[in-house]
Structure formats: C-alpha cells, structure tokens
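Let's take a walk through this structure together, one region at a time. Have the sequence and the 3D view ready to hand.

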Amino acid sequence: MSEQALSLTRPEIAAIARRIDRPVVLVGLMGSGKSTVGRRLASLLEVDFIDADEAIEQAAQMSVAEIFSEFGEAYFRDGERRVIARLIDEHHGVIATGGGAFVNPDTRSLILERGIAVWIDCDLDTLVERTARRDTRPLLKDGNPRETLARLRDERAPFYGEAHIRVTSQEGPLHATVQEIIGAIDRWL
Ligand code: S3P
C-alpha cells in the first residue's frame with residue numbers, strides 16, 4: 001500500500017482524537033524517536049505533549065546524567081515512576097517516557113492500566129546513529145554504544161512487547177510513523 005493510501009485526513013484524525021480517553025504513552029529504546037514522534041503526534045491530535053525525562057529534570061532541578069551519577073540508577077527509576085504517575089494523573093495527551101521506564105514493573109503496570117502504551121520499535125543501526133547525536137545519556141557513556149544498545153534491545157524487547165501497540169520506525173518520514181500510530185490507536189480503541 002502506498003503511503004498516500006495510508007494517510008488519514010484531518011477530520012479522520014480529529015474523530016479518532018475525540019475517542020482517545022487516556023494519555024498516549026510512548027515507550028521504546030533511546031534513539032527510537034519518542035520525543036520527536038510524540039511532539040508531532042500531539043500536534044496532529046491537538047493535545048499537549050510532555051517528555052517524562054524533562055519533567056524529572058524539572059522536579060529534581062538536576063539533569064538525568066547528574067541524577068544517575070550522584071544518586072544511582074535505582075534512585076532515578078523511583079523518581080521516574082513517581083513523575084510518570086503524576087503525569088498520567090494530570091491527563092496529558094501524549095507522554096514520551098525514557099527508554100527504561102517501561103521495564104520497571106510498577107511503571108509498566110501503571111502505563112498499561114491507565115494509558116495507551118505505544119512501543120516505537122527501531123532497528124539497531126538507526127538507534128546507534130540517532131543516539132550518537134548527543135552525549136548526555138548515562139547508559140551510553142561507557143563502553144561501546146552499539147553493544148550496549150544491542151544488549152538493551154534484547155533484554156527489553158519482552159517488556160516493550162507488552163505495550164498495547166507496536167509500530168516500527170525507520171529512518172525516513174516521521175509523518176509515516178505518526179500516521180501509523182494514529183491508525184493503530186483507532187483499531188485498538
Ligand atoms: C534511559 C533512557 C533515557 C533516560 C535515561 C535512561 C534508559 O531516555 O531516561 O538516560 O534506561 O534507556 P531516552 O530514551 O529518552 O533517551
């Protein structure tokens with residue numbers, strides 16, 4: 001099917017948006033495009049967008065890297081769980097989560113019970129290429145990023161696989177991924 005044939009019109013998107021009664025929560029590995037896709041998705045659905053990592057940084061008044069280095073990953077995960085719970089309570093339209101959030105059992109249950117979980121799956125080459133664009137991610141600071149991403153991809157796939165919806169994002173038009181998510185939400189609702 002051509003991309004054109006898959007395209008939803010504005011009125012069709014508006015009709016789907018009216019049926020969405022809970023936050024759309026994007027999950028998936030670092031570099032899968034959750035924030036970029038999330039902003040575009042929210043704009044098409046005419047709802048607000050929030051990035052959970054940014055909300056954590058605001059609440060802590062520290063960067064994610066600083067939280068990891070000063071307090072460790074377990075502390076970060078606990079704060080991440082609390083912040084995501086608050087964001088869900090606040091009824092944001094689209095929430096992008098950090099790559100490890102959905103691996104935490106409590107955070108995962110919360111998202112599955114109260115949100116529409118969308119896993120943005122992505123091939124390894126694209127993840128490596130996109131994550132190389134900034135050096136702020138603590139889990140990619142040491143070692144070989146490709147090996148780390150490959151390992152995390154294997155370890156986390158079973159958890160991400162619990163999401164209500166899975167879409168695949170390749171290098172290429174963002175538009176196609178966003179349209180695919182909206183179509184999948186329409187079928188899932
Ligand atoms: C992490 C992903 C990061 C951030 C933190 C840990 C992970 O978010 O939450 O560095 O465990 O995969 P992004 O997926 O937005 O890069």
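Before we start, a word on classes: Ala, Val, Leu, Ile, Met, Phe, Trp, Tyr, Cys and Pro count as nonpolar, Asp, Glu, Lys and Arg as charged, and the others, Gly among them, as polar. Keep in mind, too, that what you are looking at is a predicted model.

With those classes in hand, begin on the inside. A search through the whole structure turns up 1 cavity of 30 Å³ or more, and about 50 Å³ of space lies in the largest cavity. Which residues line the largest cavity? They are Gly28, Leu29, Trp119, Ile120, Asp121, Cys122, Leu127, Arg153, Ala157 and Tyr160. Sorted by class, that lining comes to 7 nonpolar, 1 polar and 2 charged residues. Strand E4 and helix H9 each bring at least two residues to the lining of the largest cavity, and E4 gives the most, with 4 residues.

The structure as a whole has 3 aromatic pairs, and tryptophan 119 and tyrosine 160 form one that is tilted, 5.8 Å centre to centre with 35° between the planes. Tryptophan 119 sits in strand E4 (residues 116-122) and tyrosine 160 in helix H9 (residues 145-160), so this pair ties together parts that are 41 residues apart in sequence.

Now turn to the largest pocket, which holds about 830 Å³ of space. Its lining runs to 40 residues, and Gly31, Ser35, Asp53, Arg134 and Arg137 are the ones nearest its centre. Where does the lining come from? Helix H3 (34-45), helix H4 (52-60), helix H5 (64-71), helix H6 (73-89) and helix H10 (174-188) each supply at least two residues, with H3 giving the most, 5 residues. By class, the lining of the largest pocket splits into 11 nonpolar, 15 polar and 14 charged residues.

The buried residues of H2 are Ile13, Ile16 and Ala17. They cover an arc of only 105° around the axis, which means they lie on the same side of H2. There is a simple rule behind such patterns: an α-helix has 3.6 residues a turn, so residues three or four places apart point the same way. The buried residues of H2 pack against H3 and H10, while on the other side of H2 you'll find Pro11 and Arg18 exposed.

One last stop is arginine 108, which is found in helix H7 (residues 105-114). Is arginine 108 buried or exposed? Arginine 108 is buried, with a relative accessible area of 10%; the cut-off for buried is under 20%. Setting aside neighbours within four places in sequence, arginine 108 is in contact with Ala101, Phe102, Val103, Phe159 and Glu162.

How values were computed. Residues numbered from 1 in each chain as written. Predicted model: local features only at pLDDT ≥ 70, side-chain atom pairs only at ≥ 80, totals over all residues. Heavy atoms only, no water. 1 Å grid on protein atoms, 1.4 Å probe; cavity = no way out; pocket = protein on both sides within 12 Å on 5 of 7 lines; lining within 4 Å. Points joined across faces, edges and corners; volume = space filled by probe spheres on them. Phe/Tyr/Trp six-rings, centres within 6.5 Å; stacked < 30°, edge-to-face > 60°. Buried < 20%, exposed > 50% of the residue type's maximum accessible area, 1.4 Å probe, protein only. Arc of directions from axis to C-beta. Contact = heavy atoms within 4.5 Å.
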